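This report describes a predicted model.

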Amino acid sequence: MEDEMGEPIPQIAHRSVSNEVAITVADLDVTYRTTIEKRPTLKQAIVRLGRGKRSVRTVEALKDVSFQVNRGTVLGIIGHNGAGKSTLMRTVAGIVPPTRGKVEVVGRTSTLLSLGVGFNRQLTGRENVILGGLAAGLTKDELEDRYDRIAEFADIGDFIEMPMRSYSSGMAARLAFSVAVHLDPDILLIDEALSTGDAVFKEKATERMQQLVDNSSTMLLISHALRTIINMSTECIWLDHGKLMMRGNPEEVVDAYTEYMHVKKTSAVLNDM
Amino acid sequence: MSETTETVSRPVQTFLPHRAGLPRLSTYFVTLWRRRHFAIELSRASMRAAHTNTFFGQFWLVISPALNAVVYFLLVNIIRGGNSGPDFFLHLLAGLFAFNFISATMSAGANSVVSGGSLVLNTAFPLLLLPWSALRTAFFRFLPSLIILLAFFSYFAFIGPHPVACDAAGACVELNTVHFSPVQLMAIPAFMLIFVFAAGLAALMATVQVYFRDTTQFLPYATRIWLYLSPVLYYADQLQPWMLKLEYFNPLFPMLGIWTDTLARGIMPPMSWWLGSAAWAFGTLLIGTFYFISREREFAVRI
Ligand SMILES: Nc1ncnc2c1ncn2[C@@H]1O[C@H](COP(=O)(O)OP(=O)(O)O)[C@@H](O)[C@H]1O
Ligand SMILES: [Mg+2]
């Protein structure tokens, strides 16, 4: 399938989904308590204290969300900006703990989140790969085993030995994708991370994701491109202001969502929202 | 098809609300231990990136604190009218090196979490590994300075100018106050306490920095004042009695005291200093670590 620009749209063929449960989310609330400033400082705190202002703000990012996902499912997650999609994913990854409720995850998760790739730009691509893997719980031997495959898949040549500050954003994204898919995750979490990279890499990425699906890995997928959600997922959930609105067949959920948002279902909306 | 490949056992992870802000500590520390190689590799990679492992990198690590010590020595001698000898110089050197280790751990620890970037945002792992990695780096940068200390000590013990004492009759004897002694071995447990203290400080500073991003800007001033209040530029036993009372609140007073007294002067410090040091060290470790862990879940949404 192709869009008007002639770019292939990733598509995944699905085998039967297992009846084993991979992810259970039960009565989940997540509330953030944060300061108003992005970079809080002592200076601001003192100034505010003098004025007697409150500094903490709470945001209920998820409210009473419950669902289960079987192994082998590709679950699309859609919703407006700030609906809580990323929060849901980070809770499943164990990065953000629930405020109430419970999340149970069977197997190892690997994350490919939109919040930037390559954590230390002074270090080389190789060092970032190794450190990312060690932090995620792989052993040094396991990483030794996989390193060549990761480097080859990312296909960034000698840059792998250079500090990541010299990388283009495309190169960094490819390396991050390569790491995420080569950790052999039981559950792969992808947050808006498929739009980076050129057509050739996209195709390669889709192929690799197909492999993971064939091996009955579970995938959670957030994308603004609703067409990607329809093409790639077996099921879809729709979040609105932290509430689970609907769950079901991707096409139907996307339909209901676009209708609800009072947006016409034009091709432009579908491909790039 | 998938039914046939289900012999692999998969770990089940359950995420529940934290009780009293703390995760389950047994799980936390088991995971921490399993992933220790992350902290080690991060420290190694950072040292590589800073060229700490090259010849000139090492050279600089040794030379810069030594020059620092010389400057302070001259300063103190000018103020005091030039009556400090080699034994004081060694005390200054040892004290300054240990102090530098502590202040380096503090500033690197403060930066450890906020510079964790997308790793902190995207990966679930015990973040305590970040300040610990900073601690390891600071320790390996401290080690070369011991060589300087050994070199100066040997020089004063075996070769250097020795003060001379003459009696009324004009007969003089050479006095050498610097010599190796078994008491110096007690510097090892003394440093261990300093290390434990630094580990607590690293975690504490890492947490504070997340909430107050200007901490690292204030830190240099705070450490400088702390240095002047600690027995580095003077001997602990030179303090006025009223000052000594205040030093109950300075952890570095007993801690640097046991370190420099054993290592540089070869004298055994009083038991109260040992106990005070141990209390400060383990107290700080406990408070820093638990403060860090109780706030850790917020880091991923605050940086
Ligand atoms: N670190 C944070 N601190 C405070 N509020 C946050 C933070 N991250 C997200 N939020 C808030 O939580 C809500 C859900 O955000 P998010 O999960 O990122 O939504 P989405 O990914 O669907 O756009 C939003 O209102 C957002 O402002
Ligand atoms: Mg998002």
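Ser145(B) belongs to helix 6 of chain B, which covers residues 129-159. Its relative accessibility is 3%, so Ser145(B) counts as buried.

## Chain A and its enclosed strand

Chain A contains nine helices and nine strands. Of its 273 residues, 52% count as buried. Among contacts in chain A between residues at least 6 apart in sequence, 74% join residues at least 24 apart.

Strand 3 of chain A (residues 74-78) is largely enclosed by the rest of the structure, because five of its five residues are buried. Both faces are covered: Val74(A), Gly76(A) and Ile78(A) lie on one side, with Leu75(A) and Ile77(A) on the other. Strand 3 of chain A runs parallel to strand 7 of chain A (residues 218-222), to which four bridges join it; here Leu75(A) stands opposite Leu220(A). Strand 3 of chain A also pairs in the parallel sense with strand 8 of chain A (residues 235-240), again over four bridges. In strand 8 of chain A, Trp238(A) is the bridge partner of Ile78(A).

## The interface between chains A and B

Contact between the two chains involves 54 residues of chain A and 44 residues of chain B. The area buried between chain A and chain B is about 4200 Å², and carbon and sulfur atoms give 58% of it. Pro97(A), Phe119(A) and Ala135(A) supply 14% of the area that chain A buries against chain B, more than any other three residues.

Across this interface, 11 residue pairs are in polar contact. On the side of chain A that touches chain B, at least two residues each come from strand 1 (21-35), helix 1 (42-51), helix 2 (85-92), strand 4 (100-106) and helix 3 (125-135) of chain A. Strand 4 of chain A gives the most, with seven residues. The residues of this side divide into 22 nonpolar, 17 polar and 15 charged. Strand 4 of chain A is also joined by four bridges to strand 1 of chain B (residues 12-15), and the two run antiparallel. Val105(A) has Gln13(B) as its bridge partner there.

## Salt bridges

Side chains of opposite charge can pair when their charged atoms come close. The count over all chains comes to 13 salt bridges, and two are found across the interface of chain A and chain B. In one salt bridge, Arg48(B) meets Glu127(A) at 2.8 Å, N to O. This pair crosses from helix 2 of chain B (residues 36-49) to helix 3 of chain A. Arg48(B) is partly exposed at 37% relative accessibility, whereas Glu127(A) is buried, with a relative accessible area of 11%. The side chains of Lys140(A) and Glu41(B) also meet in a salt bridge, at 3.6 Å from N to O.

Glu41(B) forms a salt bridge with Arg44(B) as well, the closest N and O atoms being 3.0 Å apart. Arg44(B) and Glu41(B) are three residues apart in helix 2 of chain B, so about one helical turn separates them. Glu41(B) is buried at 14% relative accessibility, and Arg44(B) is partly exposed at 36%.

Within helix 4 of chain A (residues 140-154), Arg146(A) and Glu142(A) lie four residues apart, about one turn of the helix. Their side chains meet in a salt bridge at 3.9 Å, N to O. A network of salt bridges links Asp29(A), Asp64(A) and Arg100(A).

Technical notes
Residues are numbered from 1 along each chain as its sequence is written. Chains are lettered from A and ligands numbered from 1 in the order in which they are written. This is a predicted model: local features need pLDDT of at least 70, side-chain atom pairs count only at pLDDT 80 or more; totals for chains, interfaces and linings use all residues. Side-chain values use heavy atoms; hydrogens and water are left out. Contact means heavy atoms within 4.5 Å. Buried area is the accessible area (1.4 Å probe) that two parts lose on being put together, summed over both. A salt bridge is a side-chain nitrogen of Lys or Arg within 4 Å of a carboxyl oxygen of Asp or Glu. A polar contact is a pair of N or O atoms within 3.5 Å; within protein, one must be able to donate a hydrogen and the other to accept it, and residues adjacent in sequence count only if both atoms are side-chain atoms. Ala, Val, Leu, Ile, Met, Phe, Trp, Tyr, Cys and Pro count as nonpolar, Asp, Glu, Lys and Arg as charged, and the others, Gly among them, as polar. Two strands pair if DSSP finds at least two bridges between them. Buried means under 20% relative accessible area, exposed over 50%, partly exposed in between (1.4 Å probe, protein chains only).
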